[in-house]
Amino acid sequence: MTTQKDYARLFDLTGRKAVVTGGSRGIGRAVAEAFRAQGADIAVVVRETVDRADALVAELNAGGGDSFAIRADVSVEADVARLAATLEERWGQVDVLVNNAGIVLPGPAEDFGFEDWRRTMSVNLDGVFLVSQAIGRMMIARKRGVIINIGSMSGRIVNWPFRHAAYNVSKAAVHMLTKCLATEWAEHGIRVNAIAPGYIMTELTEEVLREHPQVVSEHWAKGAVMNRIGTVDELAGAVVYLASDASSFTTGEVHTVDGGLTLR
């Protein structure tokens, strides 16, 4: 007699502890909500939007659970150390880390200030490294864990017409860091992957839409073969997949979700 496999449980995250940086809005919020829907508890890490994070956590815990908000600047080593200590004390484990915190500072390369260049790198790249390192040590001790970095299609192409070389370079570096960590930490039972979103409707996109509607309609939407920009919900499923046992044989990958924009 053949035993029927329980494929429904492949995406189940019940009992797992997840950390989402930049988790109070946009992509981070959607990921936190999707994780909770699959049974995980979430530490929502924010630098400034504490009130928003607290409100989200109240929603996440409405039906039970142990999600919480914590303030930390991922680009500051002392803050990251405090974050790891808090997680160790409260949960004693981290099963999933989503490095989502990031910034974009547009400007032409010839006029781009070095201070803005360093700020971009410190958040988008240094922050991913510091948090991955600190929580990676916890995962290594337990011989298991999943890290998902939010990269960007901008790490693969020079998207146009806005000029933001620092952002593009930082995301390309995140993709390579993903591959390096996946290679180094596979022996510890840790999988490391990245998501490379295309243009997604977030608060930042809505701001661009108000100020430069033609850019969104003529460049961003028409650039994708699907002729539109995406939603945060359309990223959440991919992140759940990478966090779950459904992707147990997947590591070192940069999973593009861009409506086909980078196909042409």
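Which residues is G155 in contact with, leaving aside its neighbours within four places in sequence? Hi everyone, let's start there. Taking contact to mean heavy atoms within 4.5 Å, G155 touches N168, K171, A172 and H175 once those sequence neighbours are set aside. The residue sits in the loop between β5 (145–150) and α5.

A quick word on the source. This is a predicted model, where local features need pLDDT of at least 70, side-chain atom pairs count only at pLDDT 80 or more, and totals for chains, interfaces and linings use all residues. Residues are numbered from 1 along each chain as its sequence is written, and side-chain values use heavy atoms, with hydrogens and water left out. Helices (H or I, at least four residues) and strands (E, at least two) are DSSP runs, numbered from the N terminus.

On to helix packing. Two packed helices are described by the angle between their axes and the distance between the axes. Here the axes are lines fitted to C-alpha atoms, for helices over the stretch in contact, and angles run from 0 to 180 degrees between N-to-C directions. Under 35 degrees counts as roughly parallel, over 145 as roughly antiparallel, 65 to 115 as roughly perpendicular, and the rest as oblique.

Take α4 and α5: their axes are 9 Å apart, at an angle of about 15°, and the two helices are therefore roughly parallel. The contact includes W117, M121 and F129 of α4, along with Y167, L177 and W185 of α5. By class, this contact has 15 nonpolar, six polar and one charged residue; Ala, Val, Leu, Ile, Met, Phe, Trp, Tyr, Cys and Pro count as nonpolar, Asp, Glu, Lys and Arg as charged, and the others, Gly among them, as polar.

Next, α1 and helix α8 (residues 233–243) have axes that come within 9 Å and cross at roughly 55°, so this pair is oblique. On the α1 side we have I27, A30, V31, A34 and F35, meeting D233, L235, A236, V239, V240 and A243 in α8. That contact divides into ten nonpolar, no polar and one charged.

Then there is helix α6 (residues 203–211) with helix α7 (residues 213–223): the axes come within 4 Å and cross at roughly 105°, which means that α6 is roughly perpendicular to α7. T205, V208, L209, R210 and E211 of α6 contact P213, V216 and W220 of α7.

We work on a 1 Å grid over the protein atoms alone: a cavity is a set of points where a 1.4 Å probe fits but cannot get out, a pocket is an open set with protein on both sides within 12 Å along at least five of seven lines, and lining residues have an atom within 4 Å of a point. Grid points are joined across faces, edges and corners, and a volume is the space filled by probe spheres set on the points.

The largest pocket holds about 1500 Å³. It is lined by 48 residues, with G102, I103, V104, T202 and L204 the closest to its centre. Helix α6 gives the largest share of that lining, six residues. The lining has 21 nonpolar, 18 polar and nine charged residues.

As for the largest cavity, it has about 40 Å³ of space, and α4 gives the most to its lining, with three residues. Four of the lining residues are nonpolar, four are polar and none is charged. Thanks, everyone!
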